[in-house]
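Subject: Structure for you to look at

Hello,

Please find the structure below, with the sequence alongside it. My notes come after it.

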Amino acid sequence: MDRDTRNALIAAAWIMLLFGLAAYWLPTVMLAVGSVSTVLAVLVAAVFLLALFIVFWLRGRSQRKKGL
C-alpha cells in the first residue's frame, strides 16, 4: 500500500466514523426537532444524507484534480 492509498483509506475511515456517529444520534435529533415541526425533522434527515454524498463527491473531485 503506497502513501496516497493509505491517506485515502484513512480519510474515508474518518469520514465514515464521523458520519456513523452522526447517524447514531440522528433519530434522537429528529425526534427532538420533530416535536417542533415534522417538516424540520425531515429536513434534518435530508441534510444529513446530502452532506454524506457531498463530502465524498468533493473528495472525489479533489482526487481527480491530483490525478490519482
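What follows is a short account of the helices, the core, the surface and a few distances.

This is a predicted model, in which local features need pLDDT of at least 70 and side-chain atom pairs count only at pLDDT 80 or more, while totals for chains, interfaces and linings use all residues. Residues are numbered from 1 along each chain as its sequence is written, and side-chain values use heavy atoms, with hydrogens and water left out.

Core

The largest nonpolar core has 5 residues: Ile-15, Phe-19, Leu-26, Phe-48 and Leu-52. Helix H1 (3–34) and helix H2 (38–66) each supply at least two residues of this core, and the largest share, 3 residues, comes from H1. A nonpolar core here is a set of buried Ala, Val, Leu, Ile, Met, Phe, Trp, Tyr and Cys residues joined through side-chain atoms within 4.5 Å. Buried means under 20% relative accessible area, exposed over 50%, and partly exposed in between (1.4 Å probe, protein chains only). Helices (H or I, at least four residues) and strands (E, at least two) are DSSP runs, numbered from the N terminus.

Leaving aside its neighbours within four places in sequence, Ile-15 is in contact (heavy atoms within 4.5 Å) with Val-55, Phe-56 and Arg-59.

Helix H2

H2 has 29 residues and spans 43 Å from its first C-alpha to its last, close to the 42 Å expected at 1.5 Å a residue; the expected span is 1.5 Å times one less than the number of residues. Its buried residues are Ala-41, Ala-45, Phe-48, Leu-52 and Gln-63, and they pack against H1. Ala-45 counts as buried because its relative accessibility is 18%.

Surface

Ile-10, Trp-14, Leu-17, Leu-18 and Leu-21 make a nonpolar surface patch of about 520 Å². Patches are made of residues with over 30% relative accessible area and no salt bridge, with like charges joined within 9 Å and nonpolar side chains (Val, Leu, Ile, Met, Phe, Trp, Tyr) within 5 Å. A salt bridge is a side-chain nitrogen of Lys or Arg within 4 Å of a carboxyl oxygen of Asp or Glu. Accessible areas come from the Shrake-Rupley method with a 1.4 Å probe; for residues, only the protein chains shown count as cover. Ile-10 is in helix H1 and counts as partly exposed because its relative accessibility is 42%.

Distances, C-alpha to C-alpha

- Ala-22 lies in helix H1 and is partly exposed at 32% relative accessibility; Ala-22 and Phe-48 are 26 residues apart in sequence and 8.3 Å apart in space.
- Ala-45 and Leu-17 are 28 residues apart in sequence and 18 Å apart in space.

Regards
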